[in-house]
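Me: I'd like to go through this structure with you, starting with how the chain is divided up. Here it is.

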Amino acid sequence: MEITPIRTVCIFGAGFMGAQIGLQSASHGYTTWIVGHSEKSLKQASDSFVQELEARVKKQQITTNESKAILSRIHLTKDIKECADSVDLVIEAVPEKLDTKREVFAQLDKVCPSHTILATNSSSIRISAIEDATNRPDKVLNMHFYPPIWERPMVELMRGTRTSDETIESVREFARNIGLTPLLVLKESTGFLFNRVWRAIKKECLHIVDNGVATYEDVDRAWMIFTGMKIGPFGLMDLVGLDVVRDIELEYYHESGNESDYPPRLLLDKIEKGEMGVKTGKGFYTYPNPSFEQPYWLRGGGKE
C-alpha cells in the first residue's frame with residue numbers, strides 16, 4: 001500500500017477547535033495554514049497561540065526559540081485559494097451544520113489538488129452525508145479531535161462509504177506524528193466512539209437539571225468527586241460552547257425523531273441569553289476563574 005506523505009496541513013475554520021488543531025500540527029513540525037472567515041476570528045486564533053505557547057515556555061515545556069519556530073510555521077488567511085495548491089490534508093472545523101459543511105467540501109474539492117485528503121472535525125455528522133459534495137469520495141473521512149488536544153491526545157477516524165485504505169493510513173500516520181493516538185471507528189456511527197459515551201452522559205445531566213432533580217453544580221460535584229476529574233459535564237459543555245452542544249443534540253434528534261433527544265429548555269434558555277460558555281464569558285459558570293476551580297467549591301461552598 002502506497003501512502004502519500006502529509007507535509008502541509010490546512011485547517012478550514014479558525015474557531016476554538018480549528019485553532020487547537022492548527023497549533024498541534026505546527027507544534028509537531030507541520031507547515032500549517034488556517035483559514036478564517038474574518039480578521040477578528042484570525043486575530044483571536046493568533047492570540048490563543050501566543051497565550052498557549054507563552055504558558056508552555058513559562059512551564060519550561062518548550063524554549064522561547066521553539067515557540068517562535070512554531071509560530072513561524074502557522075500562516076493565517078481568509079482565502080483558501082492562497083494555500084490550496086500546496087496542501088496535502090484539509091481539516092474542516094466550521095459550525096455543526098450539514099449544509100455549511102457540504103458547501104465547504106464542495107469548495108475545497110474545486111480548489112485543492114486531486115491528492116488532497118479532506119477531513120471533517122464534525123462531532124456528530126457522518127462523512128457519508130458530506131462525501132457526495134465532492135468528486136473524491138475515496139479521500140474523505142471523519143477526523144474528530146477532543147479539546148484541549150494536548151491534554152486529550154486522541155483522534156477518532158471514521159470512513160465514508162468509499163474512503164480508501166490509503167487515505168485512512170495516511171491520516172493515521174499524520175495523527176501519530178502530531179502526538180495523538182488514532183482510534184479507528186470500524187463502522188459508521190453517529191457520535192463515533194467516545195462521543196456516543198459522552199453524549200449519553202451529557203443528555204442525562206441536562207435532563208436531571210431541566211427536570212429539577214438536582215442543580216448543575218451538584219451534578220458536576222458528583223462527577224468530579226467520583227472520577228477525580230478537575231471539571232464536570234456542565235463545565236465541559238461550557239468549554240465546547242453551548243451553541244455547539246445544541247447543534248450536536250439537534251443532529252441526534254433529527255436522526256432519531258425522538259422527543260427526548262431534543263435539546264432541553266435549560267440549554268436553549270442559556271443560548272437565547274447569549275450565554276454560550278467560555279467563549280462569551282458566561283455559560284453555566286462565569287469565566288475566567290469559574291467557581292468550580294476554587295478549592296472550597298467541591299465541598300459545596302460558593303455559588304455562581
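Reply: Before we start, the domain bounds used here come from an automatic or database domain assignment, and the model itself is predicted. On that basis the chain is divided into domain 1 (8-185) and domain 2 (195-299), and the C-alpha centres of the two domains lie 26 Å apart.

Me: How many residues does the contact take from domain 1 and from domain 2?

Reply: Domain 1 gives 12 residues to the contact and domain 2 gives 10 residues.

Me: And what area is buried between domain 1 and domain 2?

Reply: It is about 890 Å², with carbon and sulfur atoms giving 52% of that area. The rule also finds 2 salt bridges across the interface of domain 1 and domain 2.

Me: Switching to rings, how many aromatic pairs are there in the whole structure?

Reply: The search finds 10 aromatic pairs. One of them is formed by Tyr 30 and Phe 174, which are edge-to-face at 5.0 Å centre to centre, with 75° between the planes. This pair links distant parts of the chain, since Tyr 30 lies in the loop between helix 1 (16-27) and strand 2 (31-35) while Phe 174 lies in helix 5 (residues 165-177), 144 residues apart.

Me: Are Tyr 30 and Phe 174 buried or exposed?

Reply: Both Tyr 30 and Phe 174 are buried.

Me: Why is the pair of Phe 292 and Trp 297 edge-to-face?

Reply: Their ring planes stand at 70°, with the centres 6.4 Å apart, so the pair counts as edge-to-face. Phe 292 and Trp 297 are both buried, and the charged end of Arg 221 sits over the ring of Trp 297, 4.2 Å from its centre.

Notes: Residues numbered from 1 in each chain as written. Predicted model: local features only at pLDDT ≥ 70, side-chain atom pairs only at ≥ 80, totals over all residues. Heavy atoms only, no water. Phe/Tyr/Trp six-rings, centres within 6.5 Å; stacked < 30°, edge-to-face > 60°. Helix = DSSP H or I, 4+ residues; strand = E, 2+ residues; numbered from the N terminus. Buried < 20%, exposed > 50% of the residue type's maximum accessible area, 1.4 Å probe, protein only. Lys NZ or Arg CZ within 6 Å of the ring centre and 35° of its normal. Contact = heavy atoms within 4.5 Å. Buried area = accessible area lost by both parts, 1.4 Å probe. Salt bridge = Lys/Arg side-chain N within 4 Å of Asp/Glu carboxyl O.
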